Amino acid sequence: MKKSSARIRKWTAIVMAGCLLALALAGCAKEGGKSGADMAQKGGDPPDKKIFTMLIDSNPTFPYKKDWPIWKWIEEKTGVSLRVQLPSGKLADTLNLVIASNNLPDLMFMTDRRTANKYGQQGALANILDYTDDMPNFKKWMEKYPEMVRQALSADGKLFMFPNEGFGETNRMIWMYREDVFAKHGLKPPATFDELYEAAKQLKTLYPDSYPFSFRFGEELGIFVNLAENFETGGDIYYHFGSKEWEYGPIQDNYKKLVEAMHRMYKDGLIPPDWLSIQTKQWQDIVSTNKAFITVDYISRIDFFNIPLRKDDPSFNLAFMEPPAGWAGAKQFNPYLHTLETGLTVASTSSHITDVMKYMDFFYSEEARVIASWGKEGETFTTEGGTRKFKADFADAVDLRSKTGIATNGAYTWIDYDSQLALASEDLQKAYEQARKFDAKLQPKPAFNEQETEVLALTGEAVKKHRSENIAKFILGTRPLSDWDQYVKEAENLGLQKLLDIYKQAYARAAELQLK
Amino acid sequence: MSLLRDDHERRICEIRHIRVRSDKNLLRKLNQTKYLWLLFLPCLLYYVVFKYAPMFGIVISFKDYNLFKGIQESAWVGWKYYRMFFENPDFMKLMRNTLLLGVYNLAFGFPAPIVLAVLLNEVKHSFFKRFVQTVSYLPHFISNVVVASMVVMFLSPTGGILHELLKWFGAANANVMMEPEWFRTVYVASEIWQHAGWETIIYLAALTTIDPVLYEAADMDGAGRFRKLWHVTLPGIRPTIIILLILNIGKVLEIGFEKVFLLYNPATYETADIIGTYVYRVGLVQGNYSYATAIDLFMGIISLIFVIAANTISRRVGNTSIW
């Protein structure tokens, strides 16, 4: 599960509800956009001037601009100028519309691999692997990052979405604690969950209206993806690297220990009583008003809280915390969540697929990596003694993106993350350094075929609902933990084995796929 | 015998004659009312283009819908998706939750605007009346997303206003959003808050049509305020109430999915998970449009049965009906 936007997704997904009707209408709706084919022109000057159409999602924090210098730099190198279409409303709806109306832009941005694989298998997208002979840079890149390519393959071994590397770091999630508050009371950052309980308990006595351990991903138990790692289990179905088997975390004994620990904290008021429904805004409020001292969230939250709050309280210091072990001696890991599943796809209906592929090939060159991460030498950055430095015009990463278009949708695949770090505060840079020591292994994500997807949708949804509902009850205490064995049986009766078999089968199939 | 046949033939002739005459009548009537028809045309077109034409989309519930290939080219799968829905282990629970939430919403939500309208009708101070009306309309224009967000925040035990209020009344530590027993109350209450004011409009309009003579006559007979309310006001708006009730019965299952979706969480699934939210989780999130359409069509048919039943009962019992 991608938690990066669990909350946002829930709120925005509402709009998707209208989708059914929109789809029914899709048959008659025709988008006015012209396909790139009509506009492609051949010029004599190298590199050839070409125009492609591209559908991308625009981020409200740094909305798409046509005159961003990044597009100019890309055009200088490739000769390609892009006619960008932005979704009218939600990207997912617009994708449905363009695909249903068979009027596809050459390049389409998609926010997850499953969508790309679905449309790819339905025939709407070109298989990138069929064109690698025209893509020397990408070929080399595939040898360098075989895992990144493997993760992106569809069930039948095709590649529909351009893989990326480097930018996933933004999705890194860590434990954080209020270093200043802990120091003030002579507390030690907890190394195990027992110590976490003790520390939280002490803080609760010192600050009676606080909820020392607060987090905002309670909804659908998203937070358990992080916490399960501390107890050497998984938040859902996961691959156990030791036994080389697919296993279901929420019925394991280790997971039960986690539930017990959370129940104890809930009972003593150490986590917010409404942890299941708490909203991002509420969570931000309690963190910034000395009502929460330990949290789990995206690493960038360090700057998000520290920079503005230090204006009033210079000692405010939210800092990296080592992930507490479930029990003394358990492994200390954060789950490997810092990957990015978004990317561009190429329409199978495009009349110049090869040209588009050649264009995308550019993004896998060292030269493009520098442009995509740093911009243009002299204009945005300078090189001093072998290290690149941004010019002083950019306050932070968001400022860089909104001024230049660097690292915005459709403008990168391969990123040198040092460029983003160069704009981060020292605290954040330090946190990155520490966080990297606690990475769990990247979970494999096998792609499923249509039949498997259907079983996963129905049985998987039943199992997931049963898990969320009951784990929530165990923690709230409305179902006694003595019912655990009964709960495990219920989950098994819902068809858990069927799901595990599908994962196993898909994983074995993915392992057999050979990269060309 | 022959007499009988003659009679029979004569009758047939009469019927034919009438039919010819009525055909002519129809044409003449059409001609007479052509401008009215012209005025009606945009409305008709709207319904044909946006309501009837898309209905053909339900065919995807019998097909394995492939977005790229289109409806035509997708393969037929028969009743597969309907079977999938009925065989789902949660089917009964989902139906029960949907029905109960809908019935509660109707039972408490339907009378609310009537009570409010009657109360407003009794207010003599016209400025105060208009002020209350305007204020009570407002929540109707707030989007569900915002309302749900407000509900969650107000009821939050970590600093919610309503929670403080409940505590003050002695309901210590009510963790309302986490308790399945509370979900329906919260949902129905927020629906009433949001829509009761707006829905009074139609009743207030109906109230103005009551002949003042009736009130004067009641006064003459010595009726007090409650007598007048009971014998004049309520019977006066009875047809409106019944027609709206029939329409609302048809909507019992059409619970606004988004609000439930925004208000529920795993702890309240037990009472809050309805068909709409289930469709969202398996249909839209997983991109299974055929399945979602199948469920939607099934629900549509049940709603249709509800409306027809309610209408029939009302026609038999009270002589008021939509058709």
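**Exercises on a two-chain model**

Five salt bridges (a side-chain nitrogen of Lys or Arg within 4 Å of a carboxyl oxygen of Asp or Glu) are counted between chain B and chain A. The model is predicted, so local features need pLDDT of at least 70 and side-chain atom pairs pLDDT 80 or more, while totals for chains, interfaces and linings use all residues. Residues are numbered from 1 along each chain as written, chains are lettered from A and ligands numbered from 1 in written order, and side-chain values use heavy atoms, without hydrogens and water.

**Exercise 1.** Describe the contact between chain B and chain A.

*Step 1.* Chain B contributes 52 residues and chain A 48 residues to the contact (heavy atoms within 4.5 Å).

*Step 2.* The area buried between the two chains (accessible area lost on being put together, 1.4 Å probe, summed over both) is about 4,500 Å², with 65% of it on carbon and sulfur atoms.

*Step 3.* One salt bridge joins A:Lys465 to B:Asp90, where the closest N and O atoms are 2.9 Å apart.

*Step 4.* Several elements of chain B give two or more residues to the side that touches chain A, among them helix H2 (34-52), helix H7 (144-155) and helix H16 (289-318). Helices here are DSSP runs of H or I with at least four residues, and strands are E runs with at least two.

*Step 5.* That side of chain B divides into 31 nonpolar, 11 polar and 10 charged residues.

**Exercise 2.** Examine the overall form of chain A.

*Step 1.* Chain A has 22 helices and 11 strands.

*Step 2.* Its radius of gyration (over C-alpha atoms) is 24 Å, close to the 24 Å that the globule rule (2.2 Å times the number of residues to the power 0.38) gives for 516 residues, so chain A is as compact as a globular protein of that length.

*Step 3.* Taken along the principal axes, the C-alpha atoms of chain A fill a box of roughly 75 × 55 × 40 Å.

*Step 4.* A:Lys201 and A:Asp268 form a salt bridge, their closest N and O atoms being 3.2 Å apart. This pair links distant parts of the chain, 67 residues apart: A:Lys201 lies in helix H10 (residues 193-206), and A:Asp268 in the loop between helix H12 (253-267) and helix H13 (280-288).

**Exercise 3.** Examine the overall form of chain B and two of its spans.

*Step 1.* Chain B has 16 helices and two strands.

*Step 2.* The radius of gyration of chain B is 27 Å, whereas a compact globule of 323 residues would have one near 20 Å.

*Step 3.* Residues 99-120 of chain B are 95% helix and 0% strand, with end C-alpha atoms 32 Å apart.

*Step 4.* Residues 289-310 of chain B are 100% helix and 0% strand, with end C-alpha atoms 31 Å apart.

Methods: Ala, Val, Leu, Ile, Met, Phe, Trp, Tyr, Cys and Pro count as nonpolar, Asp, Glu, Lys and Arg as charged, and the others, Gly among them, as polar.
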